[in-house]
Structures are given as structure tokens and as C-alpha cells.
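Please keep the sequence and the model in view while reading.

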Amino acid sequence: MPAFESLPPDQRAVLQLVLAQGRSYEDLSTLLHLDADVVAGRARGGAETLVPDGVAATDQAERGRVVDYLLGQQGVSARAGTRRLLAGSPELSTWARGVAELLEPVSRDGPAEIPAAAAATAPPEP
């Protein structure tokens, strides 16, 4: 797990601007003269690089969605959907907590709230 400072400069810069200044991907797209998808890709790639060793997560689309949530890049409806996703997946919730913890020192607003995932229940014994 690399430290935040060891991220590639383009990923580190985007994450710092999003977290410390509250910039949106669209704002940064204009500022950096890059497509918004490139900016989002740099933010997501940087956040995923920071994930603690041994902390797995589900598919890439879900991880990207959670990173956008952690970085405050979702509207109200999308945030609610991501919160439901996190509440339904202990693995993804654990992954999100690991990422949020590593991003917290850079964030002006502190970590995003991550809902507790419902505990997996064992099937009833016959």
C-alpha cells in the first residue's frame, strides 16, 4: 500500500484538489483542460492504489462508484444508491472504510459517512 505522497503526481493532484478544495470533476476538467472522464479516472485510480493490502472489493464499476461517493462527486440520488450498496455489502463497506481512512488526512471535510453493512447471516440449520 503506497502512501498518498507516493501516488503519481497526476493522481495525487486531482485527489488533493477534490478533497482539499472541494472541486468537482467538471471543475477540474475545465481547470486542467482535460476531459471529465480523464479527471475521474485519475481520482479513482489514485484512490484504488491506496487500498490497504489484503482488503478486497467487488468489481471495478462498484469501486469507482464508491470512490465517487467518498470524493463527494455524486448527486443526492446516486449517493443514496451508493449508501444502499455499501449497506448491503460487508466486503465493499470494509474496502470503502480503508480508502476513506487513507484519504482523510487530505480531506477538508473529513471522511464520508460509510453506512454499516448488514452482517451476513448464516442459513438456518435444518
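Predicted model: local features only at pLDDT ≥ 70, side-chain atom pairs only at ≥ 80, totals over all residues.

Residues are numbered from 1 along each chain as its sequence is written, and side-chain values use heavy atoms, with hydrogens and water left out. Helices (H or I, at least four residues) are DSSP runs, numbered from the N terminus.

**Contact of α1 with α3**

- The axes of helix α1 (residues 9–21) and α3 come within 8 Å and cross at roughly 100 degrees; axes are lines fitted to C-alpha atoms, for helices over the stretch in contact, and angles run from 0 to 180 degrees between N-to-C directions.
- The two helices α1 and α3 are therefore roughly perpendicular to each other, a term for angles of 65 to 115 degrees.
- From α1, the residues D10, Q11, V14 and L15 meet V39, R42, A43, G45, G46, A47 and T49 of α3, where contact means heavy atoms within 4.5 Å.
- This contact of α1 with α3 comprises five nonpolar, four polar and two charged residues; Ala, Val, Leu, Ile, Met, Phe, Trp, Tyr, Cys and Pro count as nonpolar, Asp, Glu, Lys and Arg as charged, and the others, Gly among them, as polar.

**Contact of α3 with α4**

- Helix α3 (residues 36–49) and helix α4 (residues 60–70) have axes that come within 10 Å and cross at roughly 100 degrees.
- That makes α3 roughly perpendicular to α4.
- On the α3 side, A43, R44, A47 and E48 meet Q60, R63, G64, V67 and D68 in α4.
- Three nonpolar, two polar and four charged residues form the contact of α3 with α4.

**Helix α5**

- In α5, the residues G81, T82, L85 and L86 are buried, meaning under 20% relative accessible area with a 1.4 Å probe and protein chains only.
- They cover an arc of only 140 degrees around the axis, which puts them on the same side of α5; the arc is that of the directions from the helix axis to the C-beta atoms.
- The cover over the buried residues of α5 includes α4 and α6 (90–103).
- Exposed residues V76, S77 and R84 sit on the face of α5 turned away from its buried side, exposed being over 50%.

**Residue L32**

- L32 belongs to helix α2 (residues 25–32).
- The C-alpha atoms of L32 and V14 are separated by 9.5 Å, the two residues being 18 residues apart along the chain.

How values were computed:
Parallel < 35°, antiparallel > 145°, perpendicular 65-115°, else oblique.
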